[in-house]
Amino acid sequence: MLTPQDELLAHQLPTTFDHVQQSDLRWTERVVLYGFDTTGEVSVMTGMARYPNRNVLDAYAMVTIGGKAAHVVRLSREIGGRYDGIADWTVGPYRYEVLEPLRKVRATLGDNEHGVLLELEFEGQFPAYEQEPAFFRSRGRVREDARRYYQNGRITGWLEVEGTRFDIDPETWWFGRDHSWGTRHGGGGGSLGEGEGLQPSEIPDGVLYYMGIFQFENELVHFAQRETADGQRWHFEGTVLGPIDSGRPPVPILTTDHALSFRDDFRIVSGGSFTVRSADGREREFTITPISDFWPGIAGYDHYRGYASGLWKGPDWSDGFTADLTDTADLKQVSMLSETFCRIETDGKVGYGLVEMVFMGRNARYGYAGY
């Protein structure tokens with residue numbers, strides 16, 4: 001079926017843009033925007049995902065206030081023959097627009113019955129940069145085959161929750177985004193059931209995945225690593241970038257190490273540091289001070305309150321609620337993937353950043369015996 005995107009001189013398959021290369025139900029394309037007021041009072045995560053083999057397009061917005069309440073709107077619709085624009089997509093009152101490729105995007109959540117509205121316009125201060133390819137097999141089947149790019153920049157706009165408006169001061173907000181596509185595993189719909197009669201998934205002895213995105217005035221430091229229970233690295237990426245028009249080439253990061261502390265209730269960072277060694281010979285320690293946490297699972301990255309991203313909910317669907325972040329028992333439903341906004345210090349400089357983490361099972365370094 002033709003879509004407006006078929007006007008683009010960008011085809012890579014002998015078919016239309018509503019088709020992907022394979023019929024795997026896990027195939028997902030997702031955009032995410034995330035950021036926080038560096039005072040720690042307000043943060044936001046919002047985005048959209050397309051599941052072409054499930055005939056689902058969904059979106060969400062989650063505004064976290066004071067670290068105590070997450071105000072959420074989740075929306076879903078069938079893709080069907082419903083056209084979007086050449087560079088914008090809609091789910092109900094939610095709209096995502098590409099204003100300038102790899103530079104500027106906008107997300108808007110208009111009037112709705114759930115009490116959360118927003119208008120966010122993002123402009124890159126640092127160049128968009130690619131993730132290292134992630135390709136893994138398990139028992140002969142592709143477990144993950146995905147690509148992603150990230151970007152950090154300046155945010156303008158506003159948020160509104162239950163009639164209270166929060167105007168964004170771009171001088172005091174940290175903001176980033178990413179765009180991923182491919183066969184997914186884990187949060188965000190990648191592990192949704194595909195029917196009966198399948199062999200149960202493998203459960204590792206333990207896993208530690210962490211990512212850091214640390215922004216300073218004149219550089220962005222990004223790294224991500226996946227480790228086994230005994231600290232063996234099995235996937236890694238890392239780059240140091242200059243501002244978007246600086247002309248500075250990216251510097252690869254060769255290794256990272258960590259010395260972290262964790263909360264008593266969850267394996268979520270409460271402090272510590274990362275040591276980063278880059279290809280230019282520099283070794284630096286980045287000390288982190290957490291400011292606020294949020295959980296993507298509440299917005300749809302895990303099954304929560306009867307929904308997960310990618311589930312078929314009919315031609316048009318939405319819900320909204322407020323999650324109590326002080327309810328530890330409730331959060332355990334969605335605590336696998338955590339996000340922590342932090343103050344970052346290194347070499348006398350202060351910046352802000354995000355630490356993303358999945359930490360489960362046995363871990364020799366930190367003394368955890370199991371799940």
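This is a predicted model: local features need pLDDT of at least 70, side-chain atom pairs count only at pLDDT 80 or more; totals for chains, interfaces and linings use all residues.
Residues are numbered from 1 along each chain as its sequence is written, and side-chain values use heavy atoms, with hydrogens and water left out.

**Stop one: the barrel**

Start with the eight strands that close into a barrel, in the order β14-β15-β16-β17-β18-β19-β21-β22, with antiparallel pairing. From one strand to the next, the twist averages 30 degrees. Strands here are DSSP runs of E, at least two residues, numbered from the N terminus, and two of them pair if DSSP finds at least two bridges between them.

Now pick out β16 and β17 (residues 251-262), an antiparallel pair with two bridges. Thr239 has Pro252 of β17 as its bridge partner.

**Stop two: Val240**

Select Val240, which sits in β16 (residues 233-241). Is Val240 buried or exposed? Val240 is buried, because its relative accessible area is 9% and buried means under 20% (exposed is over 50%, partly exposed in between, with a 1.4 Å probe and protein chains only). Show its contacts (heavy atoms within 4.5 Å): beyond four places in sequence, Val240 touches Glu219, Leu220, Val221, Pro250, Val251, Ile253 and Arg284.

**Stop three: two hairpins**

Jump to β5 (residues 88-91) and β6 (residues 94-100), which run antiparallel and are joined by four bridges. Thr90 stands opposite Arg95 of β6. This hairpin has two residues between its strands, and Gly92 takes a positive phi near 55 degrees.

Carry on from β6 to β7 (residues 104-109): these two also run antiparallel, joined by six bridges. Look for Glu97 opposite Arg106 of β7. Three residues lie between the strands of this hairpin, where Leu102 has a positive phi near 60 degrees.

**Last stop: Thr64**

Finish in β3 (residues 56-65), where you'll find Thr64. Thr64 counts as buried, because its relative accessibility is 4%. Setting aside neighbours within four places in sequence, Thr64 is in contact with several residues, including Glu41, Val42, Ser43, Asp293, Phe294 and Leu325.

Definitions and conventions. Axes are lines fitted to C-alpha atoms, for helices over the stretch in contact, and angles run from 0 to 180 degrees between N-to-C directions.
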